[in-house]
Amino acid sequence: MINEKYRENGTDIDETARQRSFISLAGALTEQKSRALGRPLTYCLTTFGCQMNEKQSEAVAGIMDEIGYHRQENEEADVVIYNTCTVRENANLKVYGRLGHLHSLKDQNPDMKIILFGCMMQEAHVVEKIKKSYPFVNLVFGTHNIFKFAELFYEMLLSDMQIIDIWEGTDQIVEDLPTERNYTFKSGVNIMFGCNNFCSYCIVPYVRGRERSREPEAIVREVERLVSDGVSEVMLLGQNVNSYGKTLKEPMTFARLLKMLEPVEGLKRIRFMTSHPKDLSDELIETMAESRKICHHLHLPLQSGSSRILKEMNRRYDKEKYLSLVEKIRKAIPDISLTTDIIVGFPGETEEDFEETLDVVEKAGYDTAFTFLYSKRTGTPAAKMENQVPEEVAKERFNRLLALVQKKGRERSSRFTGTVQEVLVEEESKEKGIFTGRTQYNLLVHFPADESLLGKYVKVRLDECRGFYYLGTRV
Ligand code: 5AD
Ligand code: SF4
């Protein structure tokens, strides 16, 4: 464990050096083994869940690369790693399902190592199940000690035992560890960890712990470094970015952080996720409207349109407040693209409550909405609520909501037909010679291009709207 004297503003400088020494130690073992086998050692890393998990997987991949492992897509690898999610039950089921398959692979290659980490591992019943039913898993850790990955990995290489290291929480933020990047030209940047909101259905505050913000200077430094490395678009990540900075020694607002990032030369686009409607300030709306870099896209989870259900969800806004917030945003930023998350079948949801949700979808004008069937998470207040909605009722509502969301989304997205938009070219689509990119509104566009344009900004005319994406041509 870390000595208190190393700590400065919750940031551990010496811990970084410590972890780097474990990278070297593991690297030496890896080189030895690779030489003995006459081939490079390989790993396969799969990420479930949100963009925070994607970002943390990049950190783990960065360390694996540095240790000397080669990444591959298939699971017949020397090390298989899952970064898990537990926000809904089906994310858990997927992991258990795949562990069965890994067991048979490990029978063929007993040297194979299996590592599980992330949100699901913060739940005591999951760890119990792994100990009991999946003893062939080599290493299990959670969300609070990912920075210790190199050390845990090294320990695992030296041990025959199942290693489990789960922390209850942490105030530690370790900066400057190596990291891989999925794209060379865009990157997620964590600005805060954890969540203090305790929405009654949500497991995140229990598995990710209390809200902690990174120091603004560390964020600016990371963004500057990314930009000098070729990145031009950043996505600032947090469970509730609108409360960024509240827990800092010198408190500051999210809008101020955005203002600190605006002058970074070479940075073209700033995105962020996720905004909680209760904390979205006028200062932020103003900052977005004035900025030349902040994309005009806002993900603003609604969860439910019924004020009664919102109260039960502990969301701390009601239908009217949400709709007036949308109106205020649209007034200040008329071309804003709004997206949202909606849960169907929260305990006690009646047909009338559900119709309130449909009503907000009619009125708010979302470009896209992510719709979820309520999933009961053990340990949350909602799991104990009576009146759990029968599955058939929830599914029927879900289908009606989805149909409306798709219809409205198509109408909304097609507003750009015939316009020319600046698009960041991101990757080649499944069809050769056709590339995909995104407008600032986060709309996907497919158009003929070539590899030399990857990571560049090009002007594309949006010819035909295909629902959630456009077909276009470069102009
Ligand atoms: N059941 C269904 N959806 C959930 N979400 C969070 N918890 C649950 C749950 N228990 C959804 C919310 C959140 C998104 C990331 O996942 O809509 O915004
Ligand atoms: Fe979960 Fe609510 Fe926190 Fe989002 S704001 S992570 S839904 S508790």
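Which helix holds both Glu-396 and Arg-400, and how many residues apart are they? In this predicted model, the two residues lie in helix α13 (residues 391-413), with a spacing of four residues, or about one turn of the helix. Their side chains form a salt bridge in which the closest N and O atoms are 3.1 Å apart. Glu-396 is partly exposed at 41% relative accessibility, and Arg-400 is partly exposed as well, at 29%. The pair also belongs to a network of salt bridges that links Glu-349, Glu-351, Glu-396, Arg-397 and Arg-400.

The count of salt bridges in the model comes to 39. Among them is the contact between Arg-20 and Glu-66, with 3.7 Å between the closest N and O atoms. Arg-20 sits in helix α1 (residues 13-37) and Glu-66 in helix α2 (residues 51-67), so this bridge ties together parts that are 46 residues apart in sequence. Both ends are partly exposed: Arg-20 has a relative accessible area of 35%, and Glu-66 has 44% relative accessibility.

A buried example is also worth a look. Arg-269 and Glu-233 meet in a salt bridge at 3.3 Å, N to O. This pair links distant parts of the chain, 36 residues apart, with Arg-269 in strand β13 (residues 269-273) and Glu-233 in strand β12 (residues 233-237). Arg-269 counts as buried at 4% relative accessibility, and Glu-233 is buried with a relative accessible area of 4%.

Turning to the ligand shell, the residues that surround ligand 2 include Cys-195, Cys-199, Cys-202, His-276 and Arg-315. The shell divides into seven nonpolar residues, three polar and one charged.

Terms used: Residues numbered from 1 in each chain as written. Chains lettered and ligands numbered in written order. Predicted model: local features only at pLDDT ≥ 70, side-chain atom pairs only at ≥ 80, totals over all residues. Heavy atoms only, no water. Near = heavy atom within 4 Å. Nonpolar A, V, L, I, M, F, W, Y, C, P; charged D, E, K, R; others polar. Salt bridge = Lys/Arg side-chain N within 4 Å of Asp/Glu carboxyl O. Buried < 20%, exposed > 50% of the residue type's maximum accessible area, 1.4 Å probe, protein only.
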